[in-house]
Amino acid sequence: FGRWIQAVTFGDRAPDAMKYCRDRGYALRFGDFKNADSDEFVTKSITGHSEAVNADGGFLVPLEFDPTNMVWLRESYGVFRQYANVRNMSADRLEWLRKNTQHTAYFVGEGATNTTSKMGFTRLGLTAKKLRCDGYLTQELSDDAAINVGDEAARDIVETFALKEDQCGFNGDGTSTYGGIKGLTRSFLDLGTVSNSLGIYDSNAGGTGATYDAITLAGIMAWRAKLPAYADNARTRIFCHKVFYHTALERLAAQAGGSTIVDIGTGMATPMFMGTPVVFCQALPSSPTADTPDAFYGDLSLAADFGIRKGITFKTTDVGGNAWENDEIAYKATQRFDINIHDIGNNTATAADRKAGPVVALIVA
């Protein structure tokens, strides 16, 4: 649309804009193209009013422009919130207890004393963190734009917040970039030596498998086998980038054989692998990175809590920050939330005490 405006306004003084319109077949009202291979224009021999010449009436016939059809190609985010355990927070801090040890039962003889035992608890919590997005637009743009810029900004901010949630939940490293949130990837890497962790399968441990197309079915099975039985339930999912799914999982499924023509032609409405739904998370890696989890498998609601203190709030003003002086509209959106990754197993020095959590990780390289 912007190129068309340039072409009809400046004519041959905007050759790039005219060529852009010609290549796409956009009509320029002040003339017709001489031929399909030329940027030159010729004017029709019309003596009266016509749309062929702007000065003779062409300005009255603008190109139709649909203000509701702005193309915006974007990935889908908001995965982490959907599958974590969501907790509504009535204050900026929410705490609860987690049982980490249980009683021990012993066999004893008649009349004999027994060893006492007890449960153990740890305290978990969420502290609301504010996520904010600010912007300005001029009063003229707000009044005159064919597309409602305010509505489009609101939609864009919602998508931006959803992306940030996924980045925090999966990739957060505890720094200010992620509001101090430590995500799944960092939590697994903090376990220490990858090869000693029951919660991580390193497909490259034997020196192979450094690419997605080299992953074997045996490797995927070894990864799935690490998940405890209690976490293998109706909420269990495989979380991965779409590239990982097609390059590794879908490839292995196709190689397994037994597919009918219908299976190959129609596929599945919901991506699956060995009975487990696959959730595309575009915040996860699309190619292997050394010692970085590429995919996760398990029940995320048992491993992570997503605290919501306040949903997305939009505010606008024309005062403050020079908005009044510049005749602008200032807008901002805020959201308060926190994420706590609390159960991914452990990597203790004693092998007998090591255990996997409700989510297990796959490292390809």
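Is Asp-327 buried, partly exposed or exposed? Asp-327 is partly exposed, with a relative accessible area of 39%; buried means under 20% relative accessible area, exposed over 50%, and partly exposed in between, for a 1.4 Å probe and protein chains only. This is a predicted model, in which local features need pLDDT of at least 70 and side-chain atom pairs count only at pLDDT 80 or more, while totals for chains, interfaces and linings use all residues. Residues are numbered from 1 along each chain as its sequence is written, and side-chain values use heavy atoms, with hydrogens and water left out. Helices (H or I, at least four residues) and strands (E, at least two) are DSSP runs, numbered from the N terminus.

**The sheet of four strands**
- An open sheet with mixed pairing is formed by 4 strands in the order S3-S12-S13-S6; two strands pair if DSSP finds at least two bridges between them.
- Strand S3 (85-88) and strand S6 (129-138) stand at the edges with a single partner strand each, so one side of each has no neighbour in the sheet.
- On average, neighbouring strands of this sheet are turned by 25° against each other, direction ignored.
- S6 and strand S13 (residues 328-341) run antiparallel and are joined by 10 bridges.
- Cys-133 has Ala-333 as its bridge partner in S13.
- Helix H5 (residues 149-171) lies across S6, strand S12 (304-317) and S13, and runs at about 20° to S13. Contact means heavy atoms within 4.5 Å; axes are lines fitted to C-alpha atoms, for helices over the stretch in contact, and angles run from 0 to 180 degrees between N-to-C directions.

**The sheet of six strands**
- The order S7-S16-S11-S8-S10-S9 describes an open sheet of 6 strands with mixed pairing.
- Its edge strands, S7 (200-202) and S9 (272-273), each pair on one side only.
- S7 runs parallel to strand S16 (residues 359-363), and 3 bridges join them.
- The bridge partner of Ile-200 in S16 is Ala-361.
- Helix H8 (residues 242-255) lies across strand S8 (237-240), S9, strand S10 (276-280), strand S11 (293-298) and S16, at about 150° to S10.

**Helix H2**
- In helix H2 (residues 15-24), the buried residues are Ala-17, Met-18, Cys-21 and Arg-22.
- These residues lie on the same side of H2, because they cover an arc of only 135° around the axis; the arc is that of the directions from the helix axis to the C-beta atoms.

- Most residues other than glycine have a negative phi.
- Asp-327, which is not a glycine, has a positive phi of about 55°, and lies in the loop between S12 and S13.
- Met-274 has a positive phi near 50° and lies in the loop between S9 and S10.
- Met-274 counts as partly exposed, at 45% relative accessibility.
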